[in-house]
Amino acid sequence: MVLATSSPAILKFEKNQEIQIPVIDFSAERSEVCKQISKACEEYGFFKVINHGVSEDFIKKMEDESLKFFGKSALEKQAAGPAIPWGYGRKNIGFNGDTGEIEYLLLSVNPVSISQVSQVVSNATDPIHFSSAVNDYVEAVKKLACNILEMMAEGLGMTDSSVFSRLIRADDSDLLLRFNHYPPYDHHLNTNSIGFGEHTDPQILTILRSNCVSGLQISIEDGVWIPVTSDPSACFVNVGDLLQVMTNGRLMSVRHRAVNDPSKSRLSFGYFSGPPLHAKITVLPEFITLDKPSLYKHFTWADFKKTAYSLRLKENRLKFYELSSNDDQHEY
Ligand SMILES: C=C1C[C@]23C[C@@]1(O)CC[C@H]2[C@@]12CC[C@H](O)[C@@](C)(C(=O)O1)[C@H]2[C@@H]3C(=O)O
Ligand SMILES: O=C(O)CCC(=O)C(=O)O
Ligand SMILES: [Fe+2]
């Protein structure tokens, strides 16, 4: 799929094997940025942001702390695991048998989880470096995620521009941070080169930042993978399942995966913004018309998250929430 080339000057595209990934410059005029966000999310569920405003210094501190941790011995790292629910994990992803060539740190973005993971990551010697890197980074990335959601709502013509962002701004919003470390794959051992298997993110919006090693791929068409060239100065944004539901399928929750590089290790940080567990997720009335009635039942994030976490990574969880033509819409 190729977007029209007659778009306004600020929307640039990155050529990747003939497929172009939308690149949005956040230093451009706001109303243009709003339009470009909604267009990219409708057509790809994915875009790259340049001039995003997250300080280089915060990113550098996150990289330094991650490399310090992932560079430790296997035994030391295992002491920070298992990631049930928070901490270090290796090869196993989730609870249902998914595996990949990856090691990671998973934490909930709240003071208790940040402090607990910082203690185990630093062997209780000097947790302040790690926790301060995480706190600075998540504060800046949350601001970016809220801005994106507000501009997205404006781009979609919503009267309430905070309709999405307030769900991730609440004190009890369910926010996760994941440090992913992908080792280079070994040709000789013929090991699997899939670091993180294909999936969609269940939350509202994901902000991903990686080092200079490529590996992320997105799929807009079944079975066709578009490699995303790494750009350590940029952030990449994924639409999650909940945004697809709230917009009645107008925005697309993007299928993606990460593959290992043959010679270099890759480091990525994923910030997953979800609403409070009790938040009720419904198709917003603005997206329901006679021609396009509601496609999804309503549910709470707790319910959807439980379903997502009970399934394999690649499973389409939204199918369990689709309304059929026999369903009485008013009951939902
Ligand atoms: C196999 C799984 C891993 C995952 C929980 C799940 O059952 C399905 C969704 C997966 C995912 C993808 C985005 C994030 O990386 C993640 C933390 C999330 O919220 O949903 C992971 C989950 C995980 O690794 O536990
Ligand atoms: O590391 C990446 O590029 C993708 C990771 C990812 O999709 C995830 O953590 O959910
Ligand atoms: Fe993901």
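Helix α4 (residues 111-121) packs against helix α5 (residues 127-155) at an angle of about 140 degrees, with 8 Å between their axes, which makes α4 oblique to α5. This is a predicted model, in which local features need pLDDT of at least 70 and side-chain atom pairs count only at pLDDT 80 or more, while totals for chains, interfaces and linings use all residues. Residues are numbered from 1 along each chain as its sequence is written, and chains are lettered from A and ligands numbered from 1 in the order in which they are written.

- Axes here are lines fitted to C-alpha atoms, for helices over the stretch in contact, with angles running from 0 to 180 degrees between N-to-C directions; helices (H or I, at least four residues) and strands (E, at least two) are DSSP runs numbered from the N terminus.
- Angles under 35 degrees count as roughly parallel, over 145 as roughly antiparallel, 65 to 115 as roughly perpendicular, and the rest as oblique.
- The crossing of α4 past α5 is right-handed, where right-handed means that the near helix is turned clockwise from the far one by less than a right angle, and left-handed means anticlockwise.
- On the α4 side the contact is made by Ile114, Ser115, Ser118, Gln119 and Val121, which meet Pro127, Phe130, Ser131, Val134 and Asn135 of α5; two residues are in contact if their C-beta atoms, placed from the backbone, lie within 7 Å.
- The residues of this contact of α4 with α5 comprise five nonpolar, five polar and no charged, with Ala, Val, Leu, Ile, Met, Phe, Trp, Tyr, Cys and Pro counted as nonpolar, Asp, Glu, Lys and Arg as charged, and the others, Gly among them, as polar.
- Helix α2 (56-70) also packs on α5 at an angle of about 140 degrees, with the axes 9 Å apart, and the two helices are therefore oblique to each other, in a left-handed crossing.
- Phe58, Lys61, Met62 and Glu65 of α2 meet His129, Phe130, Ala133, Asp136, Tyr137 and Ala140 of α5, a contact whose residues divide into six nonpolar, one polar and three charged.
- Helix α1 (residues 30-43) meets α5 at an angle of about 85 degrees, with axes 7 Å apart, and α1 and α5 are therefore roughly perpendicular to each other.
- In that contact, Val33, Cys34, Lys35, Ile37, Ser38 and Cys41 of α1 face Ile148, Met151, Met152, Glu154 and Gly155 of α5, and the residues divide into seven nonpolar, two polar and two charged.

**The four-stranded sheet**

- An open sheet of four strands runs in the order β7-β12-β9-β10 with antiparallel pairing, two strands being paired if DSSP finds at least two bridges between them.
- Strands β7 (194-199) and β10 (224-227) stand at the edges with a single partner strand each, so one side of each has no neighbour in the sheet; neighbouring strands are turned by 25 degrees against each other on average, direction ignored.
- Strand β9 (residues 216-221) pairs with β10 in the antiparallel sense over three bridges, and Gln217 has Pro227 in β10 as its bridge partner.
- The hairpin of β9 and β10 has two residues between the strands, and Gly223 in this hairpin takes a positive phi near 80 degrees.

**Ligand surroundings**

- A residue is near a molecule if its C-beta atom, placed from the backbone, lies within 6 Å of it.
- Around ligand 1 there are 16 residues, of which Gly94, Asp98, Asp201, Tyr309 and Leu313 come nearest, and the elements that give two or more residues to this shell are β6, β13 and α8 (301-309).
- The shell around ligand 1 contains eight nonpolar, four polar and four charged residues.
- The residues around ligand 2 include Arg178, Asn180, Phe196, Asp201, His256 and Ser268, and β6 (173-182), β8 (205-210), β12 (255-259) and β13 (266-276) each give two or more residues to the shell.
- By class, the shell around ligand 2 has four nonpolar, six polar and two charged residues.

**Backbone features in loops**

- The peptide bond from Gly81 to Pro82 is cis, with omega near -5 degrees, and Pro82 sits in the loop between α3 (74-78) and β4 (87-93).
- Ile84 and Pro85 are likewise joined by a cis peptide bond, with omega about 0 degrees, and Pro85 lies in the loop between α3 and β4.
- Asn51 has a positive phi of about 55 degrees although it is not a glycine, and Asn51 lies in the loop between β3 (46-50) and α2.
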